[in-house]
Amino acid sequence: MLVPLTRQKFEQVIPLIASGPQYKYYWGKFSNFIQRLLISVVAVVVVLLVKVFFRIEFDLIVFILGIIGAFFWLWYPVFQASVRNVKCRRYKYSGFFRGRILDWWITDRLIGKQETVNSKGELVIVENREKRINLEVGDDTGFSIEFEAPLKPAYKVITRGLIAEMVVMSNRRDLSRIEEFSDIYIPNRDLWVSDYPFVRQDFFGEVSRRLREDSEERPRRRRRQVQDWDEEDDKY
């Protein structure tokens, strides 16, 4: 099932400014925080040196630049997440997709290499690999996508045939060509499968419940032989 979303609903589901989970995603590990903190320190030192050596009199501008540099460690994750969100929101059309998990499998991804020296003094290259879960999600129309995310223990409950929901994005009004899609929600397990948390889960849950209620109401309407369907019923 693929139901078009209004622009207003799409912009609620995909936030412009980073949400809490998105900020946490780009906050990264402790090493990432240290890197940002060092950049903040360097930025403040550079601003002070420029002010001293070039005798800049624009104190307000220097102060603003100093504040921006000093808090780089804090605001940069917001900036990263917001840029990624903007890339999604540039698509003109979107839809809510509900299908099933057709297949799943585990792969290894090379995420980096590290050079080290063993006890014999020989140079050794250590590969850092990450296990990933791959999902193939599709419906009865033949539409399917493949999704990949870091493997987590919670994903052990995933099986073939489970209902899977997501937001899909396109530049075509009829959504005949899907160019991007969000993380996946499995309602039967109340489980999100994601790398980057694209959607606001509260708004996504509202859309999911509304469409589920609509699908339950439609058979009742058919039994009552109601024929005057409103075309807007298929767009949320």
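Which residues of α4 are buried?

**View 1. Helix α4 and its buried side.** This is a predicted model, in which local features need pLDDT of at least 70, side-chain atom pairs count only at pLDDT 80 or more, and totals for chains, interfaces and linings use all residues. Residues are numbered from 1 along each chain as its sequence is written, and side-chain values use heavy atoms, with hydrogens and water left out. Val 62, Gly 66 and Gly 69 are the buried residues of α4 (buried: under 20% relative accessible area, exposed: over 50%, partly exposed: in between, with a 1.4 Å probe and protein chains only). Because they cover an arc of only 65° around the axis, they lie on the same side of α4; the arc is that of the directions from the helix axis to the C-beta atoms. Helices (H or I, at least four residues) and strands (E, at least two) are DSSP runs, numbered from the N terminus.

**View 2. Surroundings of α4.** The buried residues of α4 pack against α3 (30-54) and α5 (72-89), contact meaning heavy atoms within 4.5 Å. Exposed Leu 60 and Phe 63 sit on the face of α4 turned away from its buried side.

**View 3. The largest nonpolar core.** This core has 21 residues, and Val 13, Ile 14, Val 167, Val 199 and Phe 204 have the most contacts inside it. A nonpolar core is a set of buried Ala, Val, Leu, Ile, Met, Phe, Trp, Tyr and Cys residues joined through side-chain atoms within 4.5 Å. At least two core residues come from each of β1 (2-5), α1 (7-13), α5, β5 (163-170) and α6 (201-223). The most, three residues, come from α6.
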